Amino acid sequence: MRPLIAITPNFKDGLVSVDCSYVKAIEEVGGTPFILPITKEKENIVKLIEICNGLLMTGGGDIAPKYYGEELHPKADEPCPIRDEFDFFCFKTAYALKKPIFAICRGIQLVNVALGGTLYQDLPSQFESSVSHRQTQAKFEPSHSVSVEIGTPLYSLIGERKMVANSFHHQAIKRLADELESMAVANDGVIEAVYSKGEGYLRGYQWHPERLCGYDEDNRKLFEEFVKTCKAIACKG
C-alpha cells in the first residue's frame, strides 16, 4: 500500500504551484503525493487532511511577522496572507490529528512559529555569520554541512555527525518553540533541523532535501523515514 501524502503548495498571483522535486521525492520512496488546493473553505481542507496519511509542508516566501509579535523588517519579503492562513490551518489540523508532518524550509519556520517560536527576519543583517545561507551553487548541489546532534532521531537515522545540505533562505529559527528540539545546526549555530518532543512524527529541515535525495543517500533517508511512517499508520487504519 502506497501512503497518501498531502503537499502544501505555493500561491502567487492567483496561481497554485508545487516544485516537481517534492512530488518526485515522495514518489521515489513509495508514496502517492497529491497537492492540496488553497481554499478558504476550511471544511474541505479538514476532509483532505483527514484522508491523507501524512503532510509535507513546502518552502516559499516569508511568513508574516505578526504571527510572532514583530513588525515587518525592511529586508523581509512582503507576506502572502492567503498562504499564511492556509499553511497555519493545515499544520494545526494535521498536528491535532497526529498525522506525520515533514516540513521543509518555510515549512520548518512556520511549524516553529505555530508552536510559539520566533524567527530571524533577515539573517544577513540580524545574525553575523560566515556561512552563506543563500547559495550561489545550483539548487541540486550541497553548499555546506550541518552538525547532527547525538541522541536525536536524525542521528539514529543516518548514524553520522555530519551531513550535507543546500541553502536557499534568509530567515531561520531564532527562539525555538518549547515543543521542539534541535537535531542539527550549521557551523554558525543556525538551527537546521528539528523534531517534536511529543509522541507524533514531526520533522523539520531548513534546507531542501527534496533537491538532494536523488544524489545523496542521507537526504534520501529523510524521505524514506517519513513515507515509511506514513505507510505504517495507513496500514493500521
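Biologist: Why is tyrosine 205 counted as buried?

Modeller: This is a predicted model. Tyrosine 205 has 1% relative accessibility, and buried means under 20%, so tyrosine 205 counts as buried.

Biologist: What makes phenylalanine 102 buried or exposed?

Modeller: Its relative accessibility is 0%. The cut-off for buried is under 20%, so phenylalanine 102 counts as buried.

Biologist: Why is the aromatic pair of phenylalanine 102 and tyrosine 205 called tilted?

Modeller: The search of the whole structure finds 8 aromatic pairs. In the pair of phenylalanine 102 and tyrosine 205, the centres are 5.4 Å apart and the planes are at 45°. Rings pair if their centres lie within 6.5 Å, and planes under 30 degrees apart count as stacked, over 60 as edge-to-face and the rest as tilted. The pair is therefore tilted.

Biologist: Which parts of the chain does this pair link?

Modeller: Phenylalanine 102 lies in strand E6 (residues 101–104) and tyrosine 205 in strand E13 (residues 202–205), 103 residues apart. Both belong to a cluster linked by ring pairs, together with Tyr201, Trp207, Phe223 and Phe226.

Biologist: Which residues meet where H2 and H3 are in contact?

Modeller: From H2, Lys42, Ile45, Val46 and Ile49 meet Glu85, Phe86, Phe89, Cys90, Thr93 and Ala94 in H3. These residues divide into 7 nonpolar, 1 polar and 2 charged.

Methods: Residues are numbered from 1 along each chain as its sequence is written. This is a predicted model: local features need pLDDT of at least 70, side-chain atom pairs count only at pLDDT 80 or more; totals for chains, interfaces and linings use all residues. Side-chain values use heavy atoms; hydrogens and water are left out. Contact means heavy atoms within 4.5 Å. Helices (H or I, at least four residues) and strands (E, at least two) are DSSP runs, numbered from the N terminus. Ala, Val, Leu, Ile, Met, Phe, Trp, Tyr, Cys and Pro count as nonpolar, Asp, Glu, Lys and Arg as charged, and the others, Gly among them, as polar. Rings of Phe, Tyr and Trp (its six-membered ring) pair if their centres lie within 6.5 Å; planes under 30 degrees apart count as stacked, over 60 as edge-to-face and the rest as tilted. Buried means under 20% relative accessible area, exposed over 50%, partly exposed in between (1.4 Å probe, protein chains only).
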